[in-house]
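Have a look at it first.

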Amino acid sequence: MKITSVELEKRCRDPKEFPRFRLPEIAFAGRSNVGKSSLINTLLTRKRLVAVSSTPGKTRAIDFFRVNDTFRFVDLPGYGYAKVPETVRNAWKKLIDAYLVNRETLVSVVWILDIRRELSELDRMLYDWLCSYSIPYIPVCTKADKVSLGERAKREEALRKSLGQDADLVLFSAKTGLGKDVLWKRMRVAMSHVEGRMC
């Protein structure tokens, strides 16, 4: 995918602020510190478009990025960071739920997992939630460069057992570019299914 233009169209802390102009949207979801910002930056060939922080829970709003004036990337707040106040976590949950349930322009969720970690309870809850609402998703395992090839295969198999053997995982590394083309292909297929219906 050739990226000709990217702009932060809107940063929203309330569903009433969501952009109204209809474009296909790919949302990115994952627990805090899973490598979501690095993944988005890598896909869009931008180094600092999305702030990368060593402090989990940095994203506290939904960011809408307009790409090539034809579709959007939607950066959802990371979930599961315990040090965030309960009131903030509840506000995040309401915001994310409002987006995922009601956003007609959402075509797929890139569900981001750290290949080095077991599925958390919140990961499983999101998975069950996406399935129950029939929201298309693409499971992506980040930080694949941080484990050996043998360990990578073991972790991939373990995740397949958790999600079902038919889970079509994408192994990704922001450092090496592993999986970038595969993920773009999956996202383009998702968007092609709704072309002509975003009017």
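Leaving aside its neighbours within four places in sequence, which residues is Leu-126 in contact with (heavy atoms within 4.5 Å)? They are Ala-29, Tyr-79 and Trp-111. Tyr-79 sits 47 residues away along the chain, with 9.7 Å between the two C-alpha atoms. Leu-126 itself belongs to helix α3, residues 121–132, and it is buried at 12% relative accessible area (buried means under 20%, with a 1.4 Å probe and protein chains only).

A word on the ground rules: this is a predicted model, where local features need pLDDT of at least 70, side-chain atom pairs count only at pLDDT 80 or more, and totals for chains, interfaces and linings use all residues. Residues are numbered from 1 along each chain as its sequence is written, and side-chain values use heavy atoms, leaving out hydrogens and water.

Now follow the chain around that helix. Strands β5 (residues 106–114) and β6 run parallel, joined by 6 bridges (strands pair if DSSP finds at least two bridges between them). The path from β5 through α3 to β6 is a right-handed β-α-β crossover, meaning it runs clockwise from the first strand over the helix to the second when the strands point away from the viewer.

Strand β6 (residues 137–142) has 5 of its 6 residues buried. Cys-141 in β6 has Leu-113 opposite, and Leu-171 of β7 also stands opposite Cys-141. Strands β6 and β7 (residues 170–171) run parallel, with 2 bridges.

Zooming out, the chain has 5 helices and 7 strands (DSSP runs, H or I of at least four residues and E of at least two, numbered from the N terminus). Buried residues make up 51% of its 199 residues.

Note on methods
Buried < 20%, exposed > 50% of the residue type's maximum accessible area, 1.4 Å probe, protein only. Contact = heavy atoms within 4.5 Å.
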